[in-house]
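Hi everyone, thanks for coming. Please have a look at the model.

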Amino acid sequence: MAAMVGSGLSNQTGAAVGALAFPVLGPLGVVAVRQYVAALALLAVGRPRLRSFTWRQWWPVLLLAGVFGTMNLSLYSAVDRIGLGLAVTLEFLGPLAVALAASRRRLDAACALLAAAGVVVLMRPRPAADYTGMALGLVAACCWASYILLNRLVGRRIPGAQGAAAAATVSALAFLPVGVAVALRHTPTAGAVLCAVTAGLLSSAVPYLADLLTLRHVPAQTFGLFMSVNPVLAAMVGWVVLGQSLGGAEWSGIGAVVLANAVSIATTRT
């Protein structure tokens, strides 16, 4: 339980700390640094034997690398525009869709309708609505769904964490010119770089290692059920760290998405 709580709080706190560097580095610069840190952490754990990979192993790794980078960039861009809580809630529709898509139960259909109602509440028309930010959150959701499916494929074809480490490395290499361009255009401060590095550690390295430890002792269903509270954790961390308060309607929408996911997982037979 401590590892699951720590993983969730670490992930959302990392995103919030990364947002503190947006005024200097922008979401693109923060994501670039996060990709570098994630690659270093996963390389240390996975130690991939890249020369032994066949094309049958490489093509899903390359797709996973593209999805990984796009997911983080769209999420952080959404956080910059609509806040951490709403961005993570919309992104969470990705794994929820994957879980519900393979089901034929009426209860899961009801959960899908409940989640859709929550999204309608979050995206309701109003003068201050940032539809670009919401669209970015939905792009992150699509990427997370693809990330889950590709990770399964990579896991079947490449042993251990080698596939994930290879994908993170490719993504980091793709972001190298981006990082250089951001550094040349906006001189980074030590504080901004520290925030970006901290975001990489808290949102990539710590959750990955904590989840590995957790899944050795906790059933996957219990782990998935706890993961459903991440939008709530994100809203709370956004409020405490970034001062992003939410109204009753936003909390209702977040609650509907969380409840839909929790009910679906809790009632799934393993």
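Let's begin with one word: by contact I mean heavy atoms within 4.5 Å. This is a predicted model, where local features need pLDDT of at least 70 and side-chain atom pairs count only at pLDDT 80 or more, while totals for chains, interfaces and linings use all residues. Residues are numbered from 1 along each chain as its sequence is written, and side-chain values use heavy atoms, with hydrogens and water left out.

Helices (H or I, at least four residues) are DSSP runs, numbered from the N terminus. Two packed helices are described by the angle between their axes and the distance between the axes. The axes are lines fitted to C-alpha atoms over the stretch in contact, and angles run from 0 to 180 degrees between N-to-C directions.

Now, our first pair. Which residues of α3 and α8 meet? From α3 come Trp-58, Val-61, Leu-62, Leu-64, Ala-65, Phe-68 and Gly-69, and they touch Gly-163, Ala-166, Ala-167, Ala-168, Val-170, Ser-171 and Phe-175 in α8. Sorted by type, the residues of this contact are eleven nonpolar, three polar and no charged. Here Ala, Val, Leu, Ile, Met, Phe, Trp, Tyr, Cys and Pro count as nonpolar, Asp, Glu, Lys and Arg as charged, and the others, Gly among them, as polar.

The axes of α3 and α8 lie 8 Å apart, at an angle of about 55°. These two helices are therefore oblique to each other. Under 35 degrees would be roughly parallel, over 145 roughly antiparallel, 65 to 115 roughly perpendicular, and the rest is oblique.

Next, α1 (residues 2-19) and α11 (residues 230-242): their axes come within 9 Å and cross at roughly 40°. That makes α1 oblique to α11. The crossing of α1 and α11 is right-handed. Their contact has eight nonpolar, four polar and no charged residues.

In α5, Leu-93, Leu-96 and Leu-100 meet Val-257, Ala-260, Asn-261 and Ser-264 of α12.

Finally, what about the inside? There is one cavity of 30 Å³ or more, a cavity being a set of points on a 1 Å grid over the protein atoms alone where a 1.4 Å probe fits but cannot get out. The largest cavity holds about 50 Å³, a volume being the space filled by probe spheres set on the points, which are joined across faces, edges and corners. Its lining residues, with an atom within 4 Å of a point, are Leu-42, Leu-64, Phe-68, Tyr-147, Ala-164, Ala-167 and Ala-168. α8 gives the most to this lining, with three residues.

Definitions and conventions: Left-handed = near helix turned anticlockwise from the far one by under 90°. 1 Å grid on protein atoms, 1.4 Å probe; cavity = no way out; pocket = protein on both sides within 12 Å on 5 of 7 lines; lining within 4 Å.
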